[in-house]
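Colleague: I would like to learn how to read a few features of a model. Could we take them one at a time?

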Amino acid sequence: MSEEKISFRVLLAYLSVFIIWGSTYLAIRIGVKDLPPALFAGIRFVIAGTLMLAFGKLKGFSLPNRNGLRDLAIIGILLLVGGNLLVVWAEKTIPSGLAALIISIVPLFMATIDSFMPKGQTLPAFGWVGIFVGIVGTLILVSPSLGLVEGEHLNPLGIGALISACLFWSIGSVYSRHHHVEGNIFTNSGVQNLVPGVVLVCIGVASGELPQFHLTQSGVLALLYLIVFGSIIGYTSY
């Protein structure tokens, strides 16, 4: 594959993460109004992971070895159980725009954590400037949706959950960088979605969410959007 084609694919993936993933916060906010958080997130990732693994099977892609599967499972649990579940739970009380703004500090967390790793990279001054410019840009983009209804107050637990989600997502991303797993991107992403999806469903069942699970039109549409655009397209791009 030519260098130009690789660069184009990287750019396309980069734009997909920013444009498509940015819209998933609103979809989560819509879905979590009707569906309990752990089951909502878990079903999304189980379906998305199954579809990606089925696609890989049809294409003849093989699964990674045992060590690779272990690393993919760890990455998926850190990102999607530790990270995404906290975002979904927080958005029951936190506006989607504010959630997106807080999650935009993930690169700041990642750069800091990676600098302490044995083979980590120290971000140059220009890189730090870029991170802060990105945070400011996110603030400008989402500022219209940050307003609260009169008399409404932010839930400090929700804010804490979002900051904790940033930490889990950053740790998972840094772990992924230092534990690269060879193989097809769809197969690897499928494992990273399916394993935490099963964990999330178990959490939902164990925490008594089943009686609260009632599918609605908006809930189903949010779930479908997150499966296709958030997981199959957005996550694989990431």
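Colleague: Is Leu 224 buried, partly exposed or exposed, and why?

Modeller: Bear in mind that this is a predicted model. Leu 224 has 47% relative accessibility, so Leu 224 counts as partly exposed.

Colleague: Where is Leu 224 found, and which residues make a nonpolar surface patch with Leu 224?

Modeller: Leu 224 is in helix 9, which covers residues 217–237. The patch consists of Leu 215, Val 220, Leu 221 and Leu 224, with an area of about 360 Å².

Colleague: How many helices and strands are there in the chain?

Modeller: The chain has nine helices and zero strands. Of its 238 residues, 42% are buried. Its accessible surface is about 12900 Å², and carbon and sulfur atoms account for 71% of that.

Colleague: How many aromatic pairs does a search of the whole structure find?

Modeller: The search finds two aromatic pairs. One of them is formed by Phe 55 and Phe 186, with 5.0 Å centre to centre and 55° between the planes. Planes under 30 degrees apart would count as stacked and over 60 as edge-to-face, so this pair is tilted.

Colleague: Which parts does the pair of Phe 55 and Phe 186 tie together?

Modeller: Phe 55 lies in helix 2 (residues 37–58) and Phe 186 in helix 8 (residues 185–206), so the pair links parts 131 residues apart in sequence. Phe 55 is partly exposed because its relative accessibility is 37%. Phe 186, at 25%, also counts as partly exposed.

Terms used. Residues numbered from 1 in each chain as written. Predicted model: local features only at pLDDT ≥ 70, side-chain atom pairs only at ≥ 80, totals over all residues. Heavy atoms only, no water. Patch = residues over 30% accessible without salt bridge, like charges linked within 9 Å, V, L, I, M, F, W, Y side chains within 5 Å. Areas by Shrake-Rupley, 256 points an atom, 1.4 Å probe, with all protein chains shown as cover. Salt bridge = Lys/Arg side-chain N within 4 Å of Asp/Glu carboxyl O. Helix = DSSP H or I, 4+ residues; strand = E, 2+ residues; numbered from the N terminus. Buried < 20%, exposed > 50% of the residue type's maximum accessible area, 1.4 Å probe, protein only. Phe/Tyr/Trp six-rings, centres within 6.5 Å; stacked < 30°, edge-to-face > 60°.
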